[in-house]
Amino acid sequence: KVPEQARKGLERALENSEKDLEFSRFENELDEDEDDDKDEIKVRLSALNDSGEIGIAKLESEDGKTKVELRITGAPAGVAQPAHIHSGACPNVGAVKYPLNPVLNGRSTTVIDASLDQLKTELPLGINVHKSAAEAGAYVACGDLKL
């Protein structure tokens, strides 16, 4: 027996709590794969345009290249969401520097042909996720690389 105004606030708080738990699971999942001998960074992806999609990106050095893993919560099931590393910073990123495999069901893994050291020389860079291929102009999540 909660007043209608309070109900909406409680529902939002529950949704945010669920997203935070999912985000923590993503971090733990990515941490399980950690190898102390590898260079890596993590980037928090924040929601854009009221998408409710948040996540984390892990960039890991791999044989002179960089493995990029994305985990997004709030992503629509079964919808391929294009993702890229862009020049510039969020939310106003520039041209695509490195295409990433689309996020599907909240996950994407890509190995790009650039080392972490090379990426450092190209800053500022942002990781951006788009709503869908048909709505590529609509950004749903973005995070700045801080190497």
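Is G94 buried, partly exposed or exposed? I looked this up before anything else. G94 comes out partly exposed, at a relative accessible area of 34%; buried means under 20%, exposed over 50%, and partly exposed in between, with a 1.4 Å probe and protein chains only.

Ground rules for my notes: this is a predicted model, where local features need pLDDT of at least 70, side-chain atom pairs count only at pLDDT 80 or more, and totals for chains, interfaces and linings use all residues. Residues are numbered from 1 along each chain as its sequence is written, and side-chain values use heavy atoms, with hydrogens and water left out.

**G94 again.** I find G94 in the loop between β4 and β5. Leaving aside neighbours within four places in sequence, G94 is in contact (heavy atoms within 4.5 Å) with H86, S87 and G88. I also checked L125: it sits 31 residues from G94 in sequence, with 8.8 Å between their C-alpha atoms.

**Fold.** I get 2 helices and 8 strands in the protein chain; helices are DSSP runs of H or I with at least four residues, strands are runs of E with at least two, numbered from the N terminus. Along the sequence the pattern reads α-β-β-β-β-β-β-α-β-β.

**Sheet.** The 8 strands make an open sheet, ordered β5-β4-β7-β8-β1-β2-β3-β6, with antiparallel pairing; a pair needs at least two DSSP bridges. β5 and β6 (107-112) are at the edges with a single partner strand each, so one side of each has no neighbour in the sheet. I zoomed in on β2 and β3, which run antiparallel and are joined by 9 bridges. There, A57 stands opposite L70 in β3.

**Core.** Which residues touch the most other members of the largest nonpolar core? L59, L70, L119 and I127 do, out of 23 residues. Such a core is a set of buried Ala, Val, Leu, Ile, Met, Phe, Trp, Tyr and Cys residues joined through side-chain atoms within 4.5 Å. Elements giving two or more residues to this core include β2 (54-62), β3 (65-73), α2 (116-121) and β7 (125-130).

**Whole chain.** Buried residues make up 37% of the 147 residues. Of the contacts with a separation of 6 or more, 57% are between residues 24 or more positions apart. I noted an accessible surface of about 8200 Å² (Shrake-Rupley method, 1.4 Å probe), 46% of it belonging to carbon and sulfur atoms.
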